[in-house]
Every structure is written in structure tokens, then in C-alpha cells.
Amino acid sequence: MRTEEDEAWDEIERRQNAKPRRIDDDDTMVYRNDVLEEVALVIEQFRIPFAADTVASFAALVREMKR
């Protein structure tokens, strides 16, 4: 008879044996670029505490991180 603990240990083992994903996988790159674009859009909203040139520079820096 299997217990919840047995199932939990099996799940841990399954995750440890799973093939790690590489950062250069296409779907990972798309996700990464989407996240960076979202960060750049949020940075562009910081118009009050920073000058417009500073905000544009920060957003450009983040966008340059895309691959």
C-alpha cells in the first residue's frame, strides 16, 4: 500500500531525474524576451521620479538584454 509520503518521494525523484532545460531553447527565449519587454514597459511609466531621458535609457538597457 502506497502512502502520500511514498508518492511525494517519487515526485521528488522524478523532478531530480528530469532533463534540465537549456536557456537557449526557443520557447524559453520567447518567454525571456516577453518578460524583458514587460519590464521595459513598466520602467517607462516611472516618469515622475526620473527625467524622461533617464527613463528612456533604462528601458533601452533592458530591451538590449533581449536575445
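1. A residue is called buried under 20% relative accessible area, exposed over 50%, and partly exposed in between. By that scale Glu 7, at 47% relative accessibility, counts as partly exposed. The model discussed here is a predicted one.

2. Glu 7 sits in helix α1, which covers residues 4-17. Together with Glu 4, Glu 5 and Asp 6, Glu 7 gathers in a surface patch of negative charge.

3. Helix α1 passes a check on its length. Its 14 residues, at 1.5 Å a residue, should span 20 Å, and the end C-alpha atoms are 20 Å apart, which agrees. The number of buried residues among those 14 is 0, so α1 lies largely in the open.

4. Salt bridges come next; the structure holds 6 of them. One of these is formed by Arg 15 and Glu 11, with the closest N and O atoms 2.8 Å apart. Both residues belong to helix α1 and are separated by 4 residues, about one turn of the helix. Arg 15 counts as exposed because its relative accessibility is 63%, while Glu 11, with a relative accessible area of 29%, is partly exposed.

5. Arg 63 forms a salt bridge with Glu 37, and here the closest N and O atoms are 3.0 Å apart. This pair links distant parts of the chain, as Arg 63 is in helix α3 and Glu 37 in helix α2, 26 residues apart. Both partners are partly exposed: Arg 63 has a relative accessible area of 27%, and Glu 37 has a relative accessibility of 22%.

6. The side chain of Arg 63 also meets that of Glu 44 in a salt bridge, at 2.9 Å from N to O. Arg 63 lies in helix α3 and Glu 44 in the loop between α2 and α3, so this pair ties together parts that are 19 residues apart in sequence. Glu 44 counts as partly exposed, at 27% relative accessibility.

7. The contacts of Arg 63 should be read together. Glu 37, Glu 44, Arg 63 and Lys 66 are linked in a network of salt bridges.

8. Phe 50 counts as partly exposed because its relative accessibility is 37%, a value between the cut-offs of 20% and 50%.

Technical notes
Residues are numbered from 1 along each chain as its sequence is written. This is a predicted model: local features need pLDDT of at least 70, side-chain atom pairs count only at pLDDT 80 or more; totals for chains, interfaces and linings use all residues. Side-chain values use heavy atoms; hydrogens and water are left out. Patches are made of residues with over 30% relative accessible area and no salt bridge: like charges are joined within 9 Å, nonpolar side chains (Val, Leu, Ile, Met, Phe, Trp, Tyr) within 5 Å. Accessible areas come from the Shrake-Rupley method with a 1.4 Å probe; for residues, only the protein chains shown count as cover. A salt bridge is a side-chain nitrogen of Lys or Arg within 4 Å of a carboxyl oxygen of Asp or Glu. Lys and Arg count as positive and Asp and Glu as negative; His and the chain ends are not counted. The place of a charge is taken as NZ of Lys, CZ of Arg, CG of Asp or CD of Glu. Helices (H or I, at least four residues) and strands (E, at least two) are DSSP runs, numbered from the N terminus. Buried means under 20% relative accessible area, exposed over 50%, partly exposed in between (1.4 Å probe, protein chains only). The expected span of a helix is 1.5 Å times one less than its number of residues.
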